[in-house]
Amino acid sequence: MKLLLLLAALALALWLWRSGRARTSSGSAAAPSQPQDMIACACCQVHVPAAESIAGQRGRYCCTQHRQQSEP
Ligand SMILES: [Zn+2]
């Protein structure tokens, strides 16, 4: 009987641990939607994520066309 209780407790602990892990993993999956640095294009003022912006001599741009337009 003691063994049965031990197994039940173990199963419960395992279930709690797994459900806790599932919650945290789904939380990290939502990470890309978290706020990130936005940068205004120096040409058209459109805001783009800093990681997707294109660096120029006069600032950052939303695309290479705008960098070419603004910088001779
Ligand atoms: Zn632009």
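So, what spacing do the donors of the zinc ion follow along the chain? They go C-x2-C-x17-C-x3-H. Before I go on, a word on the model: this one is predicted, with local features needing pLDDT of at least 70 and side-chain atom pairs counting only at pLDDT 80 or more, while totals for chains, interfaces and linings use all residues. Residues are numbered from 1 along each chain as its sequence is written, and side-chain values use heavy atoms, with hydrogens and water left out.

Okay, the overall picture. We have 2 helices and 4 strands, running α-β-β-β-β-α from the N terminus. Those are DSSP runs, numbered from the N terminus: helices are H or I with at least four residues, strands are E with at least two. Of the 72 residues, 11% count as buried; buried is under 20% relative accessible area, exposed is over 50%, and partly exposed is in between, using a 1.4 Å probe and protein chains only.

Now the metal. Zinc is held by Cys41 (SG), Cys44 (SG), Cys62 (SG) and His66 (ND1), at 1.9 to 2.3 Å. A donor here is an N, O or S atom within 2.8 Å of the metal (3.2 Å for Na, K and Ca), and water is not among the atoms, so sites may look incomplete. The 4 donor atoms subtend angles of 96 to 125°, so the arrangement is tetrahedral; for four donors, that label requires all angles between 85 and 135 degrees. The ideal tetrahedral angle, for reference, is 109.5 degrees.

Cysteine 41 is in the loop between β1 (38-40) and β2 (47-49), and histidine 66 is in helix α2 (residues 64-70), 25 residues apart, so to speak a link between distant parts of the chain. Cysteine 41 is buried at 0% relative accessible area, and histidine 66 is buried too, at 17%.

Back in that loop between β1 and β2, there's glutamine 45. Its phi is near 65°, a positive value in a residue other than glycine. Most residues other than glycine have a negative phi. Glutamine 45 is partly exposed, at 49%.

Last stop, serine 53, in the loop between β2 and β3 (54-56). Serine 53 is buried at 9%, and its side chain reaches the backbone oxygen of alanine 50 at 2.8 Å. Leaving aside neighbours within four places in sequence, serine 53 is in contact (heavy atoms within 4.5 Å) with Ile39, Val48, Arg60 and Tyr61.

Definitions and conventions
Tetrahedral: all angles 85-135°; square planar, octahedral: opposite > 155°, others 65-115°. Polar contact = N/O pair within 3.5 Å; in protein donor to acceptor, adjacent residues only side chain to side chain.
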